[in-house]
Amino acid sequence: MELDLHDLHSCSIQIVTAGANLVQISGGIESTATALVTELKLLSKEVEHSELADVAAVSAGNNYDIGNMIC
């Protein structure tokens, strides 16, 4: 399910209005964020300079001149 910011805000208001504990919600968000960062680090890999330039080029709209300048 994909949420936009408006959906997230509306859902949050409903949860708080229903009496949810804000400290518990905050703690849940914090622990979830920590778990996500840990998982992303496990999935990450070292890249060579040329691979980094390729990623930068794609991010720059497939402009390899800019990609090479970034690296």
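The accessible surface of the chain amounts to about 6,200 Å², and 61% of this area belongs to carbon and sulfur atoms. The structure is a predicted model, and the values reported here are computed from it. Of the 71 residues in the chain, 6% are buried.

The overall dimensions were examined next. The C-alpha trace spans about 55 × 25 × 20 Å along its principal axes. The radius of gyration of the chain is 19 Å, whereas a compact globule of 71 residues would have a value near 11 Å. The secondary structure consists of 4 helices and 0 strands, which gives the pattern α-α-α-α when the chain is read along the sequence.

A pocket analysis was also carried out. Rolling a probe the size of a water molecule over the atoms shows where empty space is left. The largest pocket holds about 150 Å³ of space. Its lining is made up of Leu8, Cys11, Ser12, Ile15, Val16, Ile25 and Ile29. Two or more of the lining residues come from each of helix H1 (5-17) and helix H2 (22-43). The greatest contribution is that of H1, which supplies 5 residues to the lining of the largest pocket.

On the surface, a nonpolar patch is formed by Ile66, Met69 and Ile70, which together have about 330 Å² of accessible area. One of these residues, Met69, lies in helix H4 (residues 64-70). Met69 has a relative accessibility of 69%, and because residues over 50% are classed as exposed, Met69 counts as exposed.

Conventions:
Residues are numbered from 1 along each chain as its sequence is written. This is a predicted model: local features need pLDDT of at least 70, side-chain atom pairs count only at pLDDT 80 or more; totals for chains, interfaces and linings use all residues. Side-chain values use heavy atoms; hydrogens and water are left out. The radius of gyration is taken over C-alpha atoms; the globule rule is 2.2 Å times the number of residues to the power 0.38. Buried means under 20% relative accessible area, exposed over 50%, partly exposed in between (1.4 Å probe, protein chains only). Accessible areas come from the Shrake-Rupley method with a 1.4 Å probe; for residues, only the protein chains shown count as cover. Patches are made of residues with over 30% relative accessible area and no salt bridge: like charges are joined within 9 Å, nonpolar side chains (Val, Leu, Ile, Met, Phe, Trp, Tyr) within 5 Å. A salt bridge is a side-chain nitrogen of Lys or Arg within 4 Å of a carboxyl oxygen of Asp or Glu. On a 1 Å grid over the protein atoms alone, a cavity is a set of points where a 1.4 Å probe fits but cannot get out, and a pocket is an open set with protein on both sides within 12 Å along at least five of seven lines; lining residues have an atom within 4 Å of a point. Grid points are joined across faces, edges and corners, and a volume is the space filled by probe spheres set on the points.
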